[in-house]
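This briefing is for a reader meeting the structure for the first time. It takes the topics one by one, in short points.

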Amino acid sequence: MAEPLTAGTTAPPTGLLSIENLTVDFHTPRGTARAVDGVSLGLFPGEILGLAGESGCGKSTLAMAVPRLLRDPAVITGGRVRLGDGDGDGVDLLGLSDEELRRVRWRDIAVVFQNAMNALNPVLRVEAQLVDVIRTHERTGRREARERAARLCGLVGIGADRLRAYPHELSGGMRQRIAIAIALALRPRLLIMDEPTTALDVVVQREIIAEVRRLQERLGFAVLFITHDISLLVEISDRIAIMYAGEVVELADARTILDDPAHPYTRGLLASFPTLHGDDTRLTGIPGAPPDLVDPPPGCRFAPRCPSAHDRCRAERPVRVTVGDRDVACHLYGPAEVTP
Amino acid sequence: MSFLLRRAAFYAVAGFVAVTLNFLLPRLMPGDPATTLFAGYADQLGPDDLASLKEAYGLSDAPLLAQYADYLRSLLGGDLGTSLSQFPTPVTDLIRDGLGWSLLLGTVSVLIGFTAGTLLGSFAAWRRGSRFDTLVPPLTMFVGSFPYFFLALLVLYLFAVRWQALPQGHAYGMDVAPGLTPEFLGSVATHLLLPATTVALVSVGAWVLSIRNTMIGVLDEDYLTMAEAKGLRTWRVMGHYAARNAILPTVTSLGLAVGHVFSGQLLTEVVFTYPGLGNQLYAAVTTHDYPLMQALFLMITISVLAVNFAVDALYAALDPRVRGAATASS
Amino acid sequence: MRKVTAFLRGDRRAVAGAAVFTLIACAVLLAPVLAPHTTTWSDGGPFSPPSADHPLGTNGQGQDVLSHVLYGGRTSLGMALVVGTGTTVISVVAGLVTAFLGGVADEAISLVVNVVLTIPSLPLIIVLAAFLPPGTGTIVLVLVATGWAFGARVVRSQALTLRRRDFVAAATVAGEHRRRTIFVEIMPNMASVIAAYFCGQVVFALTAGSALEFLGLGDADQPSWGTMLFWAQNDSALLQGAWWTFVAPGLGIALTASALALVNFAIDAATNPRLRVARGAAARRPRGFRRATAVRRG
Ligand SMILES: Nc1ncnc2c1ncn2[C@@H]1O[C@H](COP(=O)(O)OP(=O)(O)OP(=O)(O)O)[C@@H](O)[C@H]1O
Ligand SMILES: [Mg+2]
């Protein structure tokens, strides 16, 4: 694996979405926390990209920065988020006015939140919450919008009679299915799913994941899928990005991540979970805690916890480079110390 | 039992307590109730009148329980007694007009106060920490701590006496004949303006605060982020997603507030000589017309209970979870 | 608890409210020193406007309004404090007793409290007072008798929450006497709630008592802010344009009430965690006016 290296993949794939050098700061009373630090990531049409990492590493912040749904203390301080439109450069979402952004939201990028109980409006019927998004973005009559709502329900395996229900009258699994139906209402090209199944029990979780896979194959949308559960991710994703302290430290095919993780953090993360086949269940975990984002350590952010850290790791920040069929940001694989 | 049935039962109990209290009051006072009751009128009324009054009032030598049964029976028959100050008019005749005017004034002022409070409170929450937010809620609270009758005097003095912009009192002008004519309705509206504004001004602070605080919580909810992610238009997000949820806890407190606002309204009516129940109560107090006073107390209490029930019904209509819980537990 | 006091000290609203209230209380206490005239002096001529002799003018009987405001404040504030103390004591006792008795007694008393709360207070107070001989004593009696219900409910629910907490449970397990548990363990933890309630009750008593006096149910010869308003109304001061006769006592009531409301506000913010998080620091989820995330490229 020590073969020569090309420069880092800052040039993202030309595809559906390309996040380039995105930086998000939280202005807190203690100082500025850089929750997303120069992240570049691309999504191809129709692929499922998994995003994993410990709690607080910036997964949600990164995902919510794309449709610009972050609130007050969060400010996007750098980078571009281009949404491809088939030809040319696409549009930079960060440059859109509020009204232009409103039109892009849901039509191109829809979101499924962690807990549908909280994400659905408790005082509106499910139907109203489906119909309003259809009628806001498309010139549709009320009748037709209702029919479409019923069809969407069928798509996610829910009887149309449930449309008249209020969210509290549905089970957790049904609510999450409804949330998915709402997300698919406008046939978006990209679905952001931020831990969509953590609030559910394991059986329902599996069902929902299978459903998403099935729908994705049928409708061809791309998914940015966030979870803590790396075994789940391996199952569903085409590619996986591993985040640590605001950076993407490794990006590769799901199989590569599973079979041959390169970054010491990825290895630690995989070791923290029982493997899929359940034969090898040592839960070593990673000692220590993620760094304080207001005052991160110099050099590699993982160095203080890294079993293979050496002097260079504590002094110099590794850049992300392509090594074989993966991208990784680690001095173990990085270019030699003196580069022209 | 469904939510509304349960509430109805509670109000029935409360109404019963009020009726009983009303019955006991003159009988619990020190001295002979008849003497207390008719003290102010001993000279004007002949012995025959007194006797018939006593009878009408259910005051007899019969045991208390029998008197109570009597009292309930005549209440059910719609007989609330005879006025002393306007003898021998039945008090129900006097109260009927007052009730209408009071309900009009009460409804209009609560609507103004609630609407203004919702708008101001939501806006303060949306613009958290802005100049508007730091100024307006405390200001409305300050006005809210004014006693109703003081603000009424102030408003009356400024607008009706000083600037002569609006009428000084009564429900409509002397020069218009009651009827469904534009002149009459216009006159009613101009006479309503000052007292309604007074009541709304005092009560608005509480709404502003309540809506602001719940709205701050609602703005933090996932369903609001989702509404925005859906690319809905701002007014729909604000209305159907934010305001509808933020209003709910406030509607629950609306019931309690109605009794309070009504109390303030009674005093406002006195200042504006607005011919509602409050003004009549004041007149009854100053003329020691106890039968009228008691009938008014009962009437006011029952109106407040009825409004409370209406608010509960509104709450059930607005919050599907209440209805759901009710059917589930029945 | 120490945190709460520290917070109150740092809260501008609390400081302002407490300062205004102290100022009013001092002025009223120093009435014999500050007042230019006695309350019986009446040679100022009816309705003379504010002047050097009479900074707040004179009323319809030619009495000095400033002197009446100062002396009258003693009656009004005194009455309010007595009623506030009385209702607070009854509320605390009733609330604690119901919370700790539990069972049927609790439910019965809770029902009574809810019923009393639903019946509009002012008409009841007016009718009660009308049956008794008019005077300050009657007003105090009636207000105390009708004013305790809300507080009992607040104290009860607070006590129920506290009772579930560990330290009380621990005390009970340790075999401490029940009465001791109530007074030693629970009372101090409810101090802020009770303080807030007391402030609210004083405001209630001040406004309701003044309202009764305004309606002529007080002692018309005893100067107080309410009776001053009664006389202003009775002497048609309004139509004479003599605004000073009602603005002075009215502002007395309003300023006292809002000063205490400010203190109350601050106590509320200090004890209600949801509103306090609002002050910024560790808010986990972003808040504020909802616009698309700001983009600021550096
Ligand atoms: N409102 C906020 N104010 C200040 N800092 C914040 C705020 N929200 C998030 N952060 C910071 O941003 C970092 C990333 O948060 P984010 O929610 O994106 O993490 P995450 O990876 O999604 O975690 P989880 O797995 O728990 O959802 C956190 O470590 C936190 O320090
Ligand atoms: Mg997250």
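## Salt bridges in chain A

The side chains of A:Glu99 and A:Arg103 meet in a salt bridge, with 3.1 Å from N to O. The model is a predicted one. Over all chains, the structure holds 36 salt bridges.

**A:Glu99 and A:Arg103**

- A:Glu99 and A:Arg103 are both in helix H2 (residues 98-104) of chain A, and because they are four residues apart there, about one helical turn separates them.
- A:Glu99 has a relative accessibility of 37%, so this residue counts as partly exposed.

**A:Glu138 and A:Arg107**

- A second salt bridge is formed by A:Glu138 with A:Arg107, whose closest N and O atoms are 3.3 Å apart.
- This pair links distant parts of the chain, as the two residues are 31 residues apart.
- A:Glu138 sits in the loop between helix H4 (126-137) and helix H5 (142-155) of chain A, while A:Arg107 sits in the loop between H2 and strand S6 (109-112) of chain A.
- A:Glu138 is partly exposed at 23% relative accessibility, and A:Arg107 is partly exposed with a relative accessible area of 33%.

**A:Arg314 and A:Asp311**

- The side chains of A:Arg314 and A:Asp311 also meet in a salt bridge, at 3.9 Å from N to O.
- Both residues belong to helix H11 (residues 311-315) of chain A, where they are three residues apart, about one turn of the helix.
- A:Arg314 counts as partly exposed at 46% relative accessibility, whereas A:Asp311 counts as exposed at 64%.

**A network of four residues**

- Salt bridges link A:Asp37, A:Glu247, A:Arg301 and A:Arg317 in a network.

**The chain overall**

- Chain A has eleven helices and twelve strands.
- The chain has 340 residues, of which 57% count as buried.
- Of the contacts in chain A between residues at least 6 apart in sequence, 66% join residues at least 24 apart.

**A:Leu62**

- A:Leu62 lies in helix H1 (residues 59-65) of chain A.
- Its relative accessibility is 1%, which is why A:Leu62 counts as buried.
- Leaving aside residues up to four places away in sequence, A:Leu62 touches A:Ile19, A:Leu22, A:Val36, A:Val39, A:Leu41, A:Leu51 and A:Met243.
- A:Met117 is 55 residues from A:Leu62 along the chain, and the C-alpha atoms of the two are separated by 23 Å.

**A:Arg326**

- A:Arg326 is located in strand S12 (residues 326-328) of chain A.
- With a relative accessibility of 3%, A:Arg326 counts as buried.
- The side chain of A:Arg326 is joined to the side chain of A:Glu250 by a polar contact of 2.9 Å.
- The side chain of A:Arg326 also reaches the backbone oxygen of A:Asp260, at 2.7 Å.

**Extent**

- Chain B gives 59 residues to the contact and chain C gives 49 residues.
- About 4,900 Å² is buried between chain B and chain C, and 76% of this is on carbon and sulfur atoms.

**Polar links and make-up**

- Three residue pairs are in polar contact across the interface of chain B and chain C, with both residues at pLDDT 80 or more.
- Several helices of chain B each supply at least two residues of the side that touches chain C, among them helix H1 (3-28), helix H8 (182-219), helix H10 (234-271) and helix H12 (290-318).
- On the side of chain B that touches chain C, the residues divide into 43 nonpolar, eleven polar and five charged.

## Regions listed by UniProt

**Chain B**

- An unreviewed UniProt entry lists "domain: ABC transmembrane type-1" at residues 99-311 of chain B.
- In the model, residues 99-311 of chain B are 81% helix and 0% strand, and the end C-alpha atoms of the span lie 19 Å apart.

**Chain C**

- For chain C, an unreviewed UniProt entry places the feature "transmembrane region" at residues 12-35, 77-101, 108-132, 138-155, 186-208 and 243-267.
- Residues 108-132 of chain C are 88% helix and 0% strand, with end C-alpha atoms 29 Å apart.
- Residues 243-267 of chain C are 96% helix and 0% strand, with end C-alpha atoms 35 Å apart.

How values were computed: Residues are numbered from 1 along each chain as its sequence is written. Chains are lettered from A and ligands numbered from 1 in the order in which they are written. This is a predicted model: local features need pLDDT of at least 70, side-chain atom pairs count only at pLDDT 80 or more; totals for chains, interfaces and linings use all residues. Side-chain values use heavy atoms; hydrogens and water are left out. Contact means heavy atoms within 4.5 Å. Buried area is the accessible area (1.4 Å probe) that two parts lose on being put together, summed over both. A polar contact is a pair of N or O atoms within 3.5 Å; within protein, one must be able to donate a hydrogen and the other to accept it, and residues adjacent in sequence count only if both atoms are side-chain atoms. Ala, Val, Leu, Ile, Met, Phe, Trp, Tyr, Cys and Pro count as nonpolar, Asp, Glu, Lys and Arg as charged, and the others, Gly among them, as polar. Buried means under 20% relative accessible area, exposed over 50%, partly exposed in between (1.4 Å probe, protein chains only). UniProt positions are given in the numbering used here, feature names are shortened, and annotations may be inferred rather than shown by experiment.
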